[in-house]
Amino acid sequence: MTQISSDLPPPSGLDRLHEIDAETVAGFQANGHAVVRGLASAEEIAAFRPTLETLVAHMTRRMPPMEERDTYGKAFLQAHNLWTREEAAKQFVFSARFAKAAADLMAVPGVRLYHDQALFKEPGGGHTPWHQDQTYWPLDTSDTITMWMPLVDVPADVGTMTFANGSQTHGDLGRYIIGDESEEKFNEIVKEMGLITQTHGALKAGDATFHRGWTLHRAPPNPTPLLRSVMTIIWYADGTRVSQDVSGARYYDHILWLAETPSGDRAEGPLNPLLWPR
Ligand SMILES: O=C(O)CCC(=O)C(=O)O
């Protein structure tokens with residue numbers, strides 16, 4: 001694999017900043033998720049989409065046919081750290097605009113990259129079961145955040161994520177990895193706790209939702225012929241340390257994204273550049 005340096009790339013249009021209004025920040029703080037419409041323009045997305053989609057097609061070319069996959073495998077084609085493969089992908093993932101939006105929503109001074117992840121739900125792709133991302137993340141903070149940005153307009157019949165409002169305030173709700181069990185158990189938990197669920201509905205290419213690592217979320221199946229191509233970027237607050245628990249579901253993340261930095265040390269491995277402030 002071509003290893004591209006984690007030095008900041010030359011400035012790009014995606015470094016022009018975007019003001020996140022106070023109401024959106026307050027909503028994010030209370031609910032654990034928010035939508036920011038028009039964070040990137042249709043033209044900006046059109047410039048990056050061919051590179052990102054070609055890269056994902058290449059990186060996922062060995063996926064077995066849909067009927068041979070389990071629930072998790074049916075949910076999406078998944079490819080990670082596109083930024084290490086192509087300079088254009090790096091410009092997208094290292095965008096100052098996206099990183100500052102993440103810092104502003106969490107109300108922290110700075111953020112480091114955890115990793116990027118393409119999540120392409122194919123035509124006929126299955127649902128994404130309820131889960132908490134941070135189950136997989138050996139990070140000693142709750143200041144973690146994902147941006148979920150479609151590269152295509154996503155109509156309501158394809159669907160975007162549903163979030164359980166306020167679930168992030170409860171932290172770890174059960175360590176279920178994504179699958180049939182997480183769907184069943186978290187469904188029960190949502191009912192028992194009386195959590196209100198919310199979706200931001202149809203999104204345009206360049207709109208984005210943001211959610212915290214402990215926010216419970218899911219996504220519906222894709223019954224349409226549209227490839228729901230989505231890029232995600234995950235950051236954590238600068239200063240975060242690697243957690244004591246690097247076992248189980250966190251084992252591979254510790255190796256892949258944190259260079260096996262020892263528990264208790266600052267999570268500042270070679271794949272974790274400071275993306276805000278610049
Ligand atoms: O794209 C999806 O279907 C789910 C995405 C998700 O779970 C995430 O970004 O954390």
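Start at E260, in the loop between α7 (251–256) and β11. This is a predicted model. Show the backbone of E260: its phi is positive, about 55 degrees, although the residue is not a glycine. Most residues other than glycine have a negative phi.

Next select R175, which lies in the loop between β6 (162–164) and α6 (180–193). R175 is not a glycine either, and its phi is positive at about 55 degrees. Is R175 buried, partly exposed or exposed? Its relative accessibility is 37%, so R175 counts as partly exposed, the range for that class being between 20% and 50%.

Now go to the segment after β11 (274–276), where P277 is found. Select W276 together with P277 and look at the peptide bond that joins them. That bond is cis, with omega near 0 degrees. Most peptide bonds are trans.

Select F92, F98, F210 and W235, the residues with the most contacts inside the largest nonpolar core, which has 48 residues. Which helix gives the most to this core? Colour α5 (residues 96–106): this helix contributes 8 residues, the most to the core.

Keep F92 on screen and show what surrounds it. Leaving aside neighbours within four places in sequence, F92 is in contact with L14, I45, F48, L52 and F98, and also with M149, L151, M231 and I233.

Finally, zoom out to the whole chain and switch to a cartoon. Colouring by secondary structure brings up 7 helices and 11 strands. Along its principal axes, the C-alpha trace spans about 45 × 40 × 40 Å. The radius of gyration is 17 Å, which agrees with the value near 19 Å that a compact globule of 278 residues would have. Of the 278 residues, 55% count as buried. Among contacts with a separation of 6 or more, 86% are between residues 24 or more positions apart.

End with the surface. The accessible area comes to about 11600 Å², and carbon and sulfur atoms account for 53% of this area.

Technical notes. Residues numbered from 1 in each chain as written. Predicted model: local features only at pLDDT ≥ 70, side-chain atom pairs only at ≥ 80, totals over all residues. Heavy atoms only, no water. Helix = DSSP H or I, 4+ residues; strand = E, 2+ residues; numbered from the N terminus. Rg over C-alpha atoms; globule rule 2.2 N^0.38 Å. Buried < 20%, exposed > 50% of the residue type's maximum accessible area, 1.4 Å probe, protein only. Contact = heavy atoms within 4.5 Å. Areas by Shrake-Rupley, 256 points an atom, 1.4 Å probe, with all protein chains shown as cover. Core = buried A, V, L, I, M, F, W, Y, C linked by side-chain atoms within 4.5 Å.
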